[in-house]
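Please look through the sequence and the structure shown below before reading on.

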Amino acid sequence: MSGLLLKEFYLARKYCRSHLVMTVLFLGLAMFGSSENLFLLVYPCALASFIPVTLLSYDTQSKWDVYFDTLPTSRAQYVSAKYLIGLILGELVLALTAVTQLLAIRLNGEIGLRQLLPLLCGLQVIALVPPALCLPLIFKLGVEKGRVWFLVMIAVTFGGSAVLALGVEEGESFSLPGNLSVWLLLGAAVLYALSWLLSIRLYRTREL
């Protein structure tokens with residue numbers, strides 16, 4: 001399992017460097033610009049959430065998913081590696097977001113500490129829900145057949161975040177009730193776990 005996870009890190013380092021550049025760029029703009037532009041914070045988290053699908057597409061192109069069946073590892077481990085790499089990279093982006101927002105508080109004080117935790121909970125939800133909804137279908141049908149659903153999820157995620165960002169700019173502030181943000185986060189975590197189990201079950205029965 002550790003070998004599979006290491007392979008995912010190597011693959012992400014090679015093919016997802018642009019994600020890192022965009023993350024640093026957007027978070028930098030959010031830190032030194034207006035903290036009300038929520039899209040600058042949403043975009044890096046949403047981008048990180050789709051990394052497992054990107055890695056799956058490269059596995060398909062290189063026929064790694066077929067070669068994998070000859071190795072002494074299970075399909076459950078293969079699926080778990082994708083979910084884990086998405087979770088790890090998503091948490092790294094979220095941690096970087098938290099650091100930049102703490103620095104933004106010191107620089108301009110536009111966002112208070114009371115708003116920061118609900119904001120981070122909301123960003124965590126954005127990082128968990130899209131892959132939880134699209135990965136089971138992609139593991140069942142494959143990247144090519146599941147591409148339409150993947151594109152739909154991208155459009156919904158980024159389109160929804162743009163609309164929300166516009167609303168924040170007009171309303172001058174973003175905040176979620178603390179209890180609501182926690183419940184949304186718990187719901188997203190449960191959905192991610194259920195999606196993980198469902199993907200394992202679907203991929204076990206799939207013919208490559």
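## An all-helix pattern

Read along its sequence, the protein chain follows the pattern α-α-α-α-α-α-α-α-α, which amounts to nine helices and zero strands. The model is a predicted one, and every value in this report was computed from it. Of the 208 residues in the chain, 46% count as buried. When contacts between residues at least 6 apart in sequence are considered, 80% of them join residues that are at least 24 apart. The chain exposes about 10,800 Å², and carbon and sulfur atoms supply 68% of that area.

## The interior

The largest nonpolar core has 23 residues, and those with the most contacts inside it are Leu56, Tyr78, Val79, Tyr83 and Phe139. Four helices, namely α4 (51–61), α6 (75–107), α7 (113–141) and α9 (178–204), each supply at least two residues of this core, and α7 gives the most to it, with seven residues. Apart from this core lies another one, of 18 residues, which includes Ala30, Tyr43, Ala98 and Leu119.

Is serine 195, in turn, buried or exposed? Serine 195 has a relative accessible area of 3%, and because buried means under 20%, it counts as buried. This residue lies in helix α9, and, not counting residues up to four places away in sequence, serine 195 touches Tyr83, Pro131, Ala132 and Pro136. Serine 195 and leucine 133 are 62 residues apart in sequence, yet their C-alpha atoms are 7.1 Å apart in space.

## The surface

On the surface, Leu6, Phe9, Tyr10, Ile88 and Leu92 form a nonpolar patch, which together has about 450 Å² of accessible area. The elements that give two or more residues to this patch are α1 (2–15) and α6, and α1 gives the most, with three residues. Tyrosine 10 counts as partly exposed because its relative accessibility is 47%, a value that lies between the limits of 20% for buried and 50% for exposed.

The table sets the two residues discussed for their accessibility side by side.

| Residue | Relative accessible area | Class |
|---|---|---|
| Serine 195 | 3% | buried |
| Tyrosine 10 | 47% | partly exposed |

Methods: Residues are numbered from 1 along each chain as its sequence is written. This is a predicted model: local features need pLDDT of at least 70, side-chain atom pairs count only at pLDDT 80 or more; totals for chains, interfaces and linings use all residues. Side-chain values use heavy atoms; hydrogens and water are left out. Buried means under 20% relative accessible area, exposed over 50%, partly exposed in between (1.4 Å probe, protein chains only). Contact means heavy atoms within 4.5 Å. Accessible areas come from the Shrake-Rupley method with a 1.4 Å probe; for residues, only the protein chains shown count as cover. A nonpolar core is a set of buried Ala, Val, Leu, Ile, Met, Phe, Trp, Tyr and Cys residues joined through side-chain atoms within 4.5 Å. Patches are made of residues with over 30% relative accessible area and no salt bridge: like charges are joined within 9 Å, nonpolar side chains (Val, Leu, Ile, Met, Phe, Trp, Tyr) within 5 Å. A salt bridge is a side-chain nitrogen of Lys or Arg within 4 Å of a carboxyl oxygen of Asp or Glu.
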